[in-house]
Every structure is written in C-alpha cells, then in structure tokens.
Amino acid sequence: MAVNPSMQQFLDSPDTVGFVVRGTDDLDRLIEENPDIIATQTLAGRYVVCYTTVEAYPRLLTTLGTGYISSIAVILGPLCGPGLKEAGICSIRQQPYMSLHGEGVLMGFVDTGIDYTQSVFRREDGSSKIHFLYDQSITGTPPKGFFIGTEYTNEQINRALKSENPYEIVPSRDTAGHGTFLASVAAGQHQEDFTGVAPESELIVVKLKKARPFGLELFAVPEEQENAFSSIAVMIGVEYIVQKAHELKRPVVICLGIGTNSASHDGFSIFEEYLSGIAALAGVCVCSAAGNESQARGHTKGIVTSKGDFRNIDVKVVKPDSNFFISVWSGFTDKLSVSVTSPTGEYVPRKPPKDGFVLTSNAIMERSQVRVASYYPLEGSGGQLTSVRVLNATPGVWTIAMHGDIILDGTFNAWLPITGFVTPGVEFLEADPYYTVTVPSTAMGAIGCGAYNSMNGTLYPNSSWGPTRHEQVTPDLTAPGVNIEGFYPTGRGVMSGTSAAAAITAGACALLMQWGVVDGNEPTMSTCPIRAYLIRGCDRTQTLSYPNPQWGYGTLNLLQSFQLMREM
C-alpha cells in the first residue's frame with residue numbers, strides 16, 4: 001500500500017521511537033488527543049504498533065503509566081551439515097511411503113535477510129523457491145497493510161535471477177549471512193552432497209531493519225554492531241509471514257535465530273506474549289534458538305533476605321571507556337532500590353524508587369555517566385524492572401547494591417546484553433550459567449532449541465541453560481548445532497550455535513507439518529502438538545534426569561517421534 005510522504009518521512013526518521021501496546025478504547029482516545037503519536041498497524045488483532053518522537057516519548061510514558069515500559073522495543077541480535085542423521089531426519093526422508101521433504105509447507109525466516117541468488121534456493125528449472133522477500137531496510141512499496149520496507153514477490157525475484165544485474169531489480173542483500181545460512185540448513189535444495197532438512201519447502205523471508213538510534217543508545221549497543229534489531233520489527237516480520245501463509249492457504253514454520261537478554265525472561269512481556277499467541281495458531285509452528293550465553297558471564301542471581309538488607313552485584317570492566325547496560329528483574333511482592341559505586345569510589349546514593357524513577361549522575365573524578373531507572377508494577381507480571389546504564393565506565397569493579405524496601409521473596413535476576421552487544425571484558429564476577437536462555441525462547445508455547453555436538457554427544461559449551469525466570473522448562477530439546485554445514489552469501493561454510501540447531505529443528509517441524517496438514521493426518525496441527533511429538537521422541541540417557549536445564553527433554557530424534565506416533 002502507498003504510505004503518504006509525510007508519514008513515510010516520519011517513520012524513516014532516526015528521531016522517532018517505536019512502541020507496541022495492547023489496543024484499548026483508552027489508547028484510541030490517547031492517539032486522538034496526541035498528534036505526536038502515529039498508530040500504524042495492529043498485530044494479531046490486538047497489539048497496536050505506534051511511533052512518536054524521542055522528545056514526546058517520556059511524556060507519553062508518564063501518561064500511559066510506567067507499567068507500560070515493556071511497550072518499548074528491546075534490541076535483538078543473531079545467535080550465531082553433519083547432524084541430520086543423528087536427529088533422525090535422514091531416515092524419515094528415506095521412508096518410501098511417507099516421502100516427507102517439506103512439500104506444501106512454507107518456512108519463514110525473520111533475520112538478516114537472504115542471498116536469493118544462491119542456487120540452494122532455486123529449483124531445477126532455475127526459478128526461486130522464495131515466495132516473498134520483505135526487506136524492512138529498503139524504503140519503497142511496503143506490503144499491503146504495512147508501513148515500512150519493501151516487498152518483493154516471487155515474480156520479481158525470478159525476473160531478477162534471469163537478469164545480468166539481479167540487484168537492479170531486487171536490491172535486497174544479506175550482508176551478514178546469518179539469515180541465508182539458517183534458510184539453507186532448514187530448506188536448502190539438494191546441491192552435490194548437501195541437502196537442507198526440508199528441501200521441498202518454500203520460503204517467506206523478512207530482512208530486519210536496524211534498530212532506531214533511541215533504542216541503540218538506551219541499551220548501550222556498541223556503535224560497530226550492525227545486526228541490532230528492534231523487537232517491534234521482529235513482531236511485524238512474524239505478522240507478515242503469518243498473513244502471507246494465510247493468503248497462500250499453506251502451513252508455515254517460523255524460525256527465529258535471534259535473541260536478547262534485555263527483556264523479562266518470564267513470558268509476560270508484550271513481545272513474548274505476542275509470539276505465544278502466534279505459536280497457538282492452527283497451521284503455524286514457531287521455533288526459537290535458546291541462545292549461546294551460558295559461558296558469557298552475563299547473568300547473575302541474588303536474594304535480598306529482608307527489609308533494610310542489601311545484596312551486591314559486582315561487574316568487572318576491563319577496557320577503558322566501556323559501556324554496559326544491566327537489567328534487574330524482581331517479583332511483584334518486593335520493592336528494591338539501588339546504589340552504585342565505581343572502581344574509584346564515586347558513589348551514586350540509593351534513593352527510594354518512585355514509579356518511573358530515573359536518575360542520571362555524572363562522576364566528579366571520572367568520565368563515567370550513570371543512569372538508574374526503576375519501573376513498577378510492570379504490565380503483565382506486576383514485578384519491578386531496575387536498569388543501570390554506565391557510559392565510559394572506568395576499568396575495575398563496579399558495585400551495584402540492591403537494597404530491600406519491601407521484601408517478601410527477595411529474589412532478583414540480572415542480565416547484561418548478549419555477546420556482541422556489550423563491550424568485551426564486561427562481566428559479572430559472580431556469574432550464574434542458569435537462566436541464560438534468551439528471549440524469545442522464553443515465550444510460552446514456542447519450541448526452544450539448545451545445541452549439542454552430534455559427533456561426540458556433548459552439549460555445545462555455549463548453549464544457554466534454563467529455566468525461565470518463572471522456572472518453566474526451557475530449552476525444550478537440543479538439536480545438532482556444532483559445525484553444521486550450510487550456505488553463506490560467499491558460498492558453503494559451517495556454523496556452530498543454537499541458531500543452527502533451531503534451523504534443523506524448524507526443518508524437522510516442516511516435515512511434521514507436511515505429514516499433519518498437507519497429507520491430512522492432523523489438519524489443525526500447530527506448535528503445541530509438534531512440540532509434544534518432538535519431546536516424546538527425544539533420545540535420553542540414563543545418566544541424566546529429564547527435563548533438565550541444559551538438554552531440556554533430550555536430543556532431537558524425528559524418526560523416533562514418528563515411531564511413537566505409530567504406537568498411539
């Protein structure tokens with residue numbers, strides 16, 4: 001659809017802030033009374049995407065109430081062959097009476113884009129297996145009902161492939177290669193000795209637009225980090241895939257190989273809630289990478305035992321002028337306040353937090369700037385979020401003291417950003433590898449995927465550990481995720497990590513979708529039954545108890561899942 005030029009200019013401006021809120025009559029009145037707010041589209045019939053100016057957003061938050069702080073976009077990044085035999089996928093594809101190769105199933109990727117010129121995404125006649133490519137980063141003609149980016153159709157992509165200069169027709173590129181690789185692993189066509197998990201499936205691809213300056217600054221994302229994406233952009237991308245699958249009347253599996261540490265980790269944020277609703281739709285399956293953060297020393301947990309007591313969070317900083325952002329989440333029964341001490345003794349005193357309390361302090365003897373913010377009760381969970389951002393941090397140990405104002409439980413969890421989104425050498429001194437699963441793998445109903453080495457049966461060392469902050473089991477399972485073969489824009493290569501494991505799992509889900517929806521064995525199949533089938537079929541060892549925080553319910557074995565179906 002055509003977007004009027006003034007609105008397009010506003011949406012493309014670096015001085016705008018995006019936020020998502022649940023639609024209500026009060027919100028409608030607020031939009032009518034505030035010309036600084038532009039509401040664009042509604043996701044899943046409930047979540048309204050809005051934009052305002054950087055200057056207006058603080059006033060808007062005051063009007064909405066600071067419980068709505070979860071409406072602001074968080075920043076996600078990519079969570080960066082052999083293994084198909086161990087996962088039971090080759091055996092299923094070789095069953096002559098099942099013939100499961102993903103035919104009739106769509107696979108959706110919301111990531112860094114795709115190199116559509118790679119032969120692995122082309123059929124034998126040279127045509128593309130990509131139905132739609134939605135590039136949010138290119139201003140042009142958005143899809144109908146959307147307000148950012150440009151949509152490219154299968155016809156346009158095929159025309160580009162026949163051209164001597166394809167990028168003059170479809171200028172979308174995947175400069176990072178992450179999205180291209182995951183799509184090749186999950187759905188790549190046969191190429192010599194390579195085949196994706198579901199080679200006959202077809203693709204809908206969303207290339208994410210880089211997050212806006214407001215969010216990058218708020219979360220202290222390093223300037224050199226190009227692959228930083230807004231959760232709003234991800235939600236819009238998922239909505240696009242679901243709508244296109246509905247138009248095509250085809251089932252779809254959505255693979256999310258991206259994640260963040262800067263959200264609630266409990267399933268109650270708008271981002272997680274939205275994805276949980278999508279995962280429950282008939283004909284839709286959502287797979288999400290658990291993250292690669294267990295050894296990153298980016299999580300810590302503590303307990304303030306009583307009112308008046310305190311517990312320190314110590315953060316080590318190695319490099320001069322480092323920046324870091326810490327989010328501390330606590331339950332609805334408690335109220336905590338914060339003081340901050342720098343390595344040289346500069347002290348930001350504790351002040352009892354008020355709703356929406358924000359304190360910015362410049363050190364006298366140092367170049368450091370400290371920003372402390374507190375929000376409660378949060379919409380959804382009713383808990384408290386306390387954030388501490390330090391710019392130009394002095395090297396040494398920074399101490400963040402959590403003080404008890406009201407204490408019934410006293411437990412808090414703190415996270416630094418994911419690897420690549422925090423200055424190297426910034427870490428918690430008392431790090432805890434548990435609770436390191438990233439959002440959105442914490443969304444209830446989605447399939448969370450950890451990674452293991454299928455060559456020797458060991459857990460991939462960096463694979464994030466569960467559970468969620470509310471003690472729910474995640475990851476659900478582990479899949480091969482070490483030295484997985486696939487295709488980058490530069491050609492064939494390997495990748496290790498939970499995003500590769502999620503791509504393999506998503507491909508397995510596509511085979512189940514073909515069996516259930518396309519072949520008519522379970523026409524209303526969705527994430528929930530697929531998750532159940534996969535979990536029941538997992539391989540488990542006698543030396544471990546299940547579920548457990550590292551392996552979930554075991555390692556993916558699709559053949560065993562089908563064998564157990566036969567017994568039902």
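A salt bridge is defined here as a side-chain nitrogen of Lys or Arg within 4 Å of a carboxyl oxygen of Asp or Glu. The structure is a predicted model, in which local features need pLDDT of at least 70 and side-chain atom pairs count only at pLDDT 80 or more, while totals for chains, interfaces and linings use all residues. Residues are numbered from 1 along each chain as its sequence is written, and side-chain values use heavy atoms, with hydrogens and water left out.

Arg297 and Glu427 form a salt bridge in which the closest N and O atoms are 3.2 Å apart. Arg297 is in the loop between β12 (284-289) and β13 (299-303) and Glu427 is in strand β23 (residues 427-428), so that the pair links distant parts of the chain, 130 residues apart. Helices (H or I, at least four residues) and strands (E, at least two) are DSSP runs, numbered from the N terminus. The areas come from the Shrake-Rupley method with a 1.4 Å probe, and for residues only the protein chains shown count as cover. Arg297 is partly exposed because its relative accessible area is 30%, whereas Glu427, at 19%, counts as buried.

In total, the structure holds 19 salt bridges. Side chains of opposite charge can pair when their charged atoms come close. In one of the salt bridges, the side chains of Glu273 and Arg22 meet at 2.7 Å, N to O. Glu273 is partly exposed, with a relative accessible area of 21%, and Arg22 is buried, with 11%. Another salt bridge is formed by Glu485 and Arg492, whose closest N and O atoms are 2.7 Å apart. Both of these residues are partly exposed, Glu485 with a relative accessible area of 27% and Arg492 with 37%.

Patches are made of residues with over 30% relative accessible area and no salt bridge; like charges are joined within 9 Å, and nonpolar side chains (Val, Leu, Ile, Met, Phe, Trp, Tyr) within 5 Å. Lys and Arg count as positive and Asp and Glu as negative, with His and the chain ends not counted. The place of a charge is taken as NZ of Lys, CZ of Arg, CG of Asp or CD of Glu. A patch of negative charge on the surface gathers Glu103, Glu124, Asp125, Glu200 and Asp519. Asp519 is in the loop between α10 (498-518) and α11 (527-537) and counts as partly exposed, at 40% relative accessibility.

Aromatic pairs were searched for in the whole structure, and 15 were found. The rings of Phe19 and Tyr57 have centres 6.0 Å apart and planes at 55 degrees, so this pair is tilted. Rings of Phe, Tyr and Trp (its six-membered ring) pair if their centres lie within 6.5 Å, with planes under 30 degrees apart counted as stacked, over 60 as edge-to-face and the rest as tilted. Because Phe19 lies in strand β1 (residues 16-22) and Tyr57 in helix α3 (residues 57-64), the pair ties together parts that are 38 residues apart in sequence. Phe19 and Tyr57 are buried. A further tilted pair is formed by Tyr134 and Tyr240, at 4.7 Å centre to centre and 45 degrees between the planes. Tyr134 lies in strand β6 (residues 130-135) and Tyr240 in helix α8 (residues 231-248), so this pair ties together parts that are 106 residues apart in sequence. Tyr134 and Tyr240 are also buried. Phe19, Tyr57 and Phe214 form one aromatic cluster.

Backbone geometry was examined next. A cis peptide bond joins Tyr376 and Pro377, with omega about -15 degrees; Pro377 is in the loop between β19 (369-375) and β20 (384-393). The peptide bond from Gly466 to Pro467 is also cis, with omega near 0 degrees, and Pro467 is in the loop between β25 (458-459) and β26 (477-480). Lys249, which is not a glycine, has a positive phi of about 55 degrees. Lys249 lies in the loop between α8 and β10 (252-256) and counts as exposed, at 74% relative accessibility.

How values were computed: Buried < 20%, exposed > 50% of the residue type's maximum accessible area, 1.4 Å probe, protein only.
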